[in-house]
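Colleague: I would like to learn how to read a few features of a model. Could we go through them one at a time?

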Amino acid sequence: MGSHQKGERGGSSNGSGGGAVAVDKGVDFAQYFCTYAFLYHQKEMLSDRVRMDAYFNAIFENKHHFKGKTVLDVGTGSGILAMWSAQAGARKVYAVEATTMSGHAQALVKANNLQDVVEVLEGSMEDVTLPEQVDVIISEWMGYFLLRESMFDSVICARDRWLKPGGVMYPSHARMWMAPIRSGLGDQKKSDYDGSMNDWHAFMEDTKEYYGVDMSVLTKPFSEEQMKYYLQTSLWQNLHPHQVIGTAAIIKEIDCLTATVNDILKVKSDFLSSITLENTRLCGFGGWFDVHFRGSKVNPAQQEIELTTAPSVDNSTHWGQQVFLLHPPVHVSEGDAISVSFTMDRSKENHRLMEVELGCEIKQSSGKQPPPSRNKFYIE
Ligand SMILES: C[S@@+](CC[C@H](N)C(=O)[O-])C[C@H]1O[C@@H](n2cnc3c(N)ncnc32)[C@H](O)[C@@H]1O
């Protein structure tokens, strides 16, 4: 995992919430979970000030949800959210972690003298048995563009088994956003792709000349492979707000208290965006998410807290934004209307990765209509 990668989260087949996903545990662990066992990776999340401040404020400005209550922390990692819950007055906190990071969490709990309240349990949330139901479920389950990693499945499973009626979820709500953007990155990626194909042609000629084998039958699959890598893989970016060139749209809303796995298997949204900048280039779309800590209708928060990963100059997060680039970019101007059809599904090979189809039609205010485009992207 590079420094911008959120790690791979663990889990197994989940047994509730509708639409349970069958997963090979060994493969899932090797592909995904394992990175969370490294302290450097937990440290990256613990150093994200926007993330940390949001959870810290959500807990300590809503102590009424924690005082004397039982709490379950799904995927406790270093144990940070469990320890804060205890410091906010929880009677008992169950801190469940699938990886051996649980040992470090246990050490931290003891070093901070919270061992009488926080019980660290090593195991998959789906397999763990608690001695009681809880008042609060807290978890930091969000992956790139919210749903990559599919960890919310484990939170749903925990909620359906262990949350008392009337209990609250931290966070309580989540939303996904998309907006048109400009970026120089598309030109760079296109030139990387062209460079790679030029190199392929030189390689083919050499192989024929020196070794007597014609490789040309592989030109198409090589080109497809390189297109996927350079042009169709969505990119991690910290966008400057000035790069957003049109109105942003909400493409998915999740109520964490009621959502089922079926509700989050697919994201489908048709939305309109209006260009807000004169004479610019539509280079693609940026996607981000926010989550809210509102408690529930029957048990609301005293202070609602928001954690947003929107493009920002001062408050960027380790999630950044996901960028889907259009090749080639299209000239647009203020008032042009963009109609987008967006679909995101889980990859069949790895349920923690996502595949996107993005259709785009532009109606320029001059009346002109460039040809519509439809592209496939991979969130890897
Ligand atoms: C994004 S990290 C958050 C860690 C910590 N709660 C924090 O906020 O710093 C998610 C953690 O959940 C763990 N995890 C993911 N799925 C899990 C599951 N099904 N059961 C137990 N732990 C899980 C991962 O190993 C990882 O340590």
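Colleague: How far is the sulfur of Cys157 from the closest cysteine sulfur?

Modeller: A disulfide is a pair of cysteine sulfur atoms within 2.5 Å. The sulfur of Cys157 is 15 Å from the closest one, in Cys256, so the two are too far apart for a bond. Searching the whole structure gives zero disulfides. Before we go on: this is a predicted model, where local features need pLDDT of at least 70, side-chain atom pairs count only at pLDDT 80 or more, and totals for chains, interfaces and linings use all residues. Residues are numbered from 1 along each chain as its sequence is written, and side-chain values use heavy atoms, leaving out hydrogens and water.

Colleague: Is Cys157 buried or exposed?

Modeller: Buried means under 20% relative accessible area, exposed over 50%, partly exposed in between, with a 1.4 Å probe and protein chains only. Cys157 is buried, at 2% relative accessibility. Cys256 is buried as well, with a relative accessible area of 1%.

Colleague: Where does Phe342 lie, and which residues does Phe342 touch?

Modeller: Strands are DSSP runs of E, at least two residues long, numbered from the N terminus. Phe342 belongs to strand 13 (residues 337–346) and is buried at 0% relative accessibility. Contact means heavy atoms within 4.5 Å. Leaving aside residues up to four places away in sequence, Phe342 touches several residues, including Phe145, Met178, Ile251, Phe271 and Leu358.

Colleague: How far apart in space are Phe342 and Pro328?

Modeller: Their C-alpha atoms are 19 Å apart, with a sequence separation of 14 residues.

How values were computed. Helix = DSSP H or I, 4+ residues; strand = E, 2+ residues; numbered from the N terminus.
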